[in-house]
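Work through these exercises with the model open beside you. Try each task before reading its solution.

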Amino acid sequence: MTSISRASSSGEPDATRDAARPRRPVEVGRQSTGAPANSRDLDGGTGAGPGVRAPGGDLLRLTNQPSAGGSVEIEAAVHTPSPSDMTGSRRIAWHLLRRFNRRDTLVRQRPMEGIVNMADVRERARRVLPRAVFDAIDGGATDEVTLRENRAAFHRIWLRPRPLADIGHRDISTTVLGQRISMPLMLDPCALARVCHPGGEVAVARAAGDAGTIYAVASSSGHPLDQIVEAATQPLWYQLYMPSDREALEPLLDRIECAGFYALCVTIDSAVLHKRERDLHNHLTLPLRLSGRTMLAAASRPRWSFGYLLGGLSRGQRIEIGGGFRAVEAISRTVKEQAPVTFADVQWLRKHWKGKLVLKGVMRADECRQILDLGVDGIVISNHGGRVLDGVHATIDVLPEVVEAVEGRAEVFIDGGIRRGTDVVKALALGARACLIGRPYLFGLAVGGQAGVSRVLEILRAEIEQTMALAGCVTVADIDSSLVHVSGDRQRSPG
Ligand SMILES: Cc1cc2nc3c(=O)[nH]c(=O)nc-3n(C[C@H](O)[C@H](O)[C@H](O)COP(=O)(O)O)c2cc1C
């Protein structure tokens, strides 16, 4: 669907800015959120209400457009917010936070100083974000067994280096669905980006572009699609949650195609509401409104609060720290209205979406043949970072059997717990084409905006390069199964 303008020296297409460019012009100032009217975001906000002026300054209006299949669009007239837009307690909060924020200069000027790995980014983010927001990103479902296991499983895989290999001219780039990226690492779709930092998805798209890799934009993004596409210099994927209103789907696909997204990434693992107990304990509700509890949290994290107040967040992206479970229940209701993604849906999508089609959330081998028969181009082995169904295997444990079942008919990607360059190399050795990360870049975003995401990618790139070199690999093609040994007693699951 998207044209690729330049060929690399290897003869493979480069992932260029042009590839991410809209084929047809997108109406500026009247851009779809990309999310269908009743779409839920399990991990983020729901759509804004009609005619909302967000405290941060965006004028948002929801319009129901019969011509677009009844889908809801947001008109956003962004203007520079100022305290004169605010009234009462919000105005006082603005002035107080500005004062606090000025004192926070050390963190602001060198937000990424001293950060050398993903654990550091997470720890710094914990200090920057209000607890409920940090937990909403960091946490997993129920007992968080899968969340921990995603990480632990990498520690059962051992590298077997080839120290005598000639590692003269190394190249860690690879191709993903026909597009060259600078390293085998991409950015997962994640809601809440704009809650982490006002730069939100625009900052992430810029950082991904600078790093020469692909960003999968979540359907519940905090910025209008045209702004994200405009910021991107590399191809983007669009992550889709299947709406229950299938009528809305065709016009939505059309808009995604018009906006210039290269691949459609359909999340299949979130048919019903998750149970995240950290969120329940924190009384996390969506959307966030100013309340006593919120103000308290804001006072403890002035930099975040200042950015949040000034950030022009639409109400849809706000999450409520106070106020009990009401909004969670509201989301729960919305989620219950969603139909799970079925094989028939995938077949329908394959018929109507001409670009690359990726399924995110595959966790077993025996469904692969049917998926592949439907013409899917890529599979993301994912358990949603342990955020949806607890007690499922670590993704890296499932990788070998899925790769075996796929038999090279599609590209296999993996996410979940990837925090080191060694993790990426291990995943590639077990058959993955590339890896994706979620939380690490959100934490980088929270700490340093675009620069924070860039720093995260820079650290991981250096680790991948170093691991490959020390393991004796010149290119990703040199990474094969002989490079790893899997220890532990995990039985291969049937299928
Ligand atoms: C805060 C947050 C929001 C997320 N939102 C989405 C989403 O909207 N759609 C989706 O398919 N996955 C979403 N995910 C899951 C990620 O795409 C990805 O599967 C997961 O984060 C990978 O694990 P990792 O965080 O350990 O890297 C989200 C994850 C987080 C942490």
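Helix axes are lines fitted to C-alpha atoms over the stretch in contact, and the angle between two of them runs from 0 to 180 degrees between N-to-C directions. Keep in mind that this is a predicted model.

**Exercise 1. How do α3 and α18 pack, and which residues make the contact?**

Solution. 
- Step 1: Find the helices. Helix α3 covers residues 118-128, and α18 covers residues 439-471.
- Step 2: Take the geometry. The angle between α3 and α18 is about 110°, and their axes are 8 Å apart.
- Step 3: Classify the angle. Angles of 65 to 115 degrees count as roughly perpendicular, so α3 is roughly perpendicular to α18.
- Step 4: List the residues. α3 contributes Met118, Val121, Arg122, Arg124, Ala125 and Val128. α18 contributes Pro440, Phe443, Gly444, Ala446, Val447 and Val456.
- Step 5: Sort them. The contact of α3 with α18 has nine nonpolar residues, one polar and two charged.

**Exercise 2. Is α7 roughly parallel or roughly perpendicular to α18?**

Solution. 
- Step 1: Locate α7 at residues 200-211.
- Step 2: Take the geometry. The axes of α7 and α18 cross at roughly 20° and come within 8 Å.
- Step 3: Apply the cut-off. Angles under 35 degrees count as roughly parallel, so α7 is roughly parallel to α18.
- Step 4: The crossing of α7 and α18 is left-handed.
- Step 5: Name the partners. On α7 they are Ala203, Val204, Arg206, Ala207, Asp210 and Ala211. On α18 they are Tyr441, Leu445, Gly449, Gln450, Val453, Ser454 and Leu457.
- Step 6: Sort them. The contact of α7 with α18 holds eight nonpolar, three polar and two charged residues.

**Exercise 3. At what angle do α17 and α18 pack, and is their crossing left-handed or right-handed?**

Solution. 
- Step 1: Locate α17 at residues 421-429.
- Step 2: Take the geometry. α17 and α18 pack at about 55°, with axes 7 Å apart.
- Step 3: Classify the angle. That value makes α17 oblique to α18.
- Step 4: α17 and α18 cross in a right-handed way.
- Step 5: List the contact. Gly421, Thr422, Val424 and Val425 come from α17. Leu460, Glu463, Ile464, Gln466, Thr467, Met468 and Ala471 come from α18.
- Step 6: Sort them. Six residues of the contact of α17 with α18 are nonpolar, four are polar and one is charged.

**Exercise 4. Which residues touch the most other members of the largest nonpolar core?**

Solution. 
- Step 1: Start with the whole protein. Its secondary structure comes to 18 helices and 15 strands. Of its 495 residues, 55% are buried.
- Step 2: Turn to the core. The largest nonpolar core has 130 residues.
- Step 3: Pick out the residues with the most contacts to other members. They are Val204, Trp237, Leu264, Ile379, Val402 and Cys435.
- Step 4: Find the largest share. α18 supplies it, with 14 residues.
- Step 5: Follow one member. Beyond four places in sequence, Leu264 touches Tyr238, Leu240, Ile256, Leu349, Trp353, Gly355, Leu357 and Val358.

**Exercise 5. Where do Leu177 and His384 lie, and are they buried or exposed?**

Solution. 
- Step 1: Recall the background. Most residues other than glycine have a negative phi.
- Step 2: Take the values. Leu177 has a positive phi of about 50°. His384 has a positive phi of about 60°.
- Step 3: Leu177 is in the loop between β5 (174-176) and β6 (179-181). His384 is in the loop between β12 (378-381) and α16 (395-406).
- Step 4: Count neighbours. A residue is buried if 20 or more other C-beta atoms lie within 10 Å. Leu177 has 22, so Leu177 is buried. His384 has 26, so His384 is buried.

**Exercise 6. What does Asp279 contact, and what does Pro400 touch?**

Solution. 
- Step 1: Asp279 is in helix α10 (residues 277-281). Pro400 is in helix α16.
- Step 2: Asp279 has 19 other C-beta atoms within 10 Å, so Asp279 is partly exposed. Pro400 has 17 C-beta neighbours inside 10 Å and is also partly exposed.
- Step 3: List contacts, leaving out neighbours within four places in sequence. Asp279 meets Asp135, Ala136, Gly139 and Leu284. Pro400 touches Leu430 and Gly431.

Notes. Residues numbered from 1 in each chain as written. Predicted model: local features only at pLDDT ≥ 70, side-chain atom pairs only at ≥ 80, totals over all residues. Helix = DSSP H or I, 4+ residues; strand = E, 2+ residues; numbered from the N terminus. Parallel < 35°, antiparallel > 145°, perpendicular 65-115°, else oblique. Left-handed = near helix turned anticlockwise from the far one by under 90°. Contact = placed C-beta atoms within 7 Å. Nonpolar A, V, L, I, M, F, W, Y, C, P; charged D, E, K, R; others polar. Core = buried A, V, L, I, M, F, W, Y, C linked by C-beta atoms within 7 Å. Buried ≥ 20, exposed ≤ 12 C-beta atoms within 10 Å, placed from the backbone.
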